[in-house]
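Q: Could we go through some of the labels used for this structure and see what stands behind each one?
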Amino acid sequence: MTTKEELADRYGRGPQPIRRRVFWVTVATAAILSVAGLSWLTVSNSLDDVGFDETGYELVDARTVTVSFQATPPAGTSFACAVQALDEDFGIVGWRVIEYPASEEITRALVETIPTVAQATTGTVQSCWAT
């Protein structure tokens, strides 16, 4: 036996493959659980998302705007959308929250009228969410 091996044996500094194996198994398990947890959060959060696409707007008169859009909620889920009218400086001059009942339709074409307090230059959908 060499001096190095004798010292390692005496003071317990020799290779300990069981400790290394336990360490790496613990690290791998923690990594797998972290990835699985983040994946589940991503999927569960996206299940209730309501997608929307604006298809147009019309300035009816000085106090009214109509906004056309398509919403894609999860089937059988009621949802709500915030629709707004903006002026030329992008200030909000009209705003409504509209609630829609549950339906089995995948995509729904919607047209909403927004009363305004001043002349609007555009109408948009701010957001949609499941209720």
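Q: Why is Thr55 called exposed?
A: This is a predicted model, and in it Thr55 has a relative accessible area of 52%. Exposed means over 50%, so Thr55 counts as exposed.

Q: And what makes Thr77 buried?
A: The cut-off for buried is under 20% relative accessible area. Thr77 comes out at 18%, so the label is buried. Thr77 sits in the loop between strand S2 (64-72) and strand S3 (79-86). Leaving aside neighbours within four places in sequence, Thr77 is in contact with Pro101, Ala102, Ser103 and Ala130.

Q: Back to Thr55: where does Thr55 lie, and which residues does Thr55 touch?
A: Thr55 belongs to strand S1 (residues 51-61). Not counting residues up to four places away in sequence, Thr55 touches Ser68, Phe69 and Gln70.

Q: Why are S1 and S5 said to stand at the edges?
A: The open sheet has three strands in the order S1-S2-S5, with antiparallel pairing. S1 and strand S5 (108-115) each have a single partner strand, so one side of each has no neighbour in the sheet. From one strand to the next, the twist averages 20 degrees.

Q: How do you know that S2 and S5 pair?
A: Pairing takes at least two bridges. S2 and S5 have eight, in the antiparallel sense, so they count as paired.

Technical notes: Residues numbered from 1 in each chain as written. Predicted model: local features only at pLDDT ≥ 70, side-chain atom pairs only at ≥ 80, totals over all residues. Heavy atoms only, no water. Helix = DSSP H or I, 4+ residues; strand = E, 2+ residues; numbered from the N terminus. Buried < 20%, exposed > 50% of the residue type's maximum accessible area, 1.4 Å probe, protein only. Contact = heavy atoms within 4.5 Å. Axes fitted to C-alpha atoms, helices over the stretch in contact; angles between N-to-C directions.
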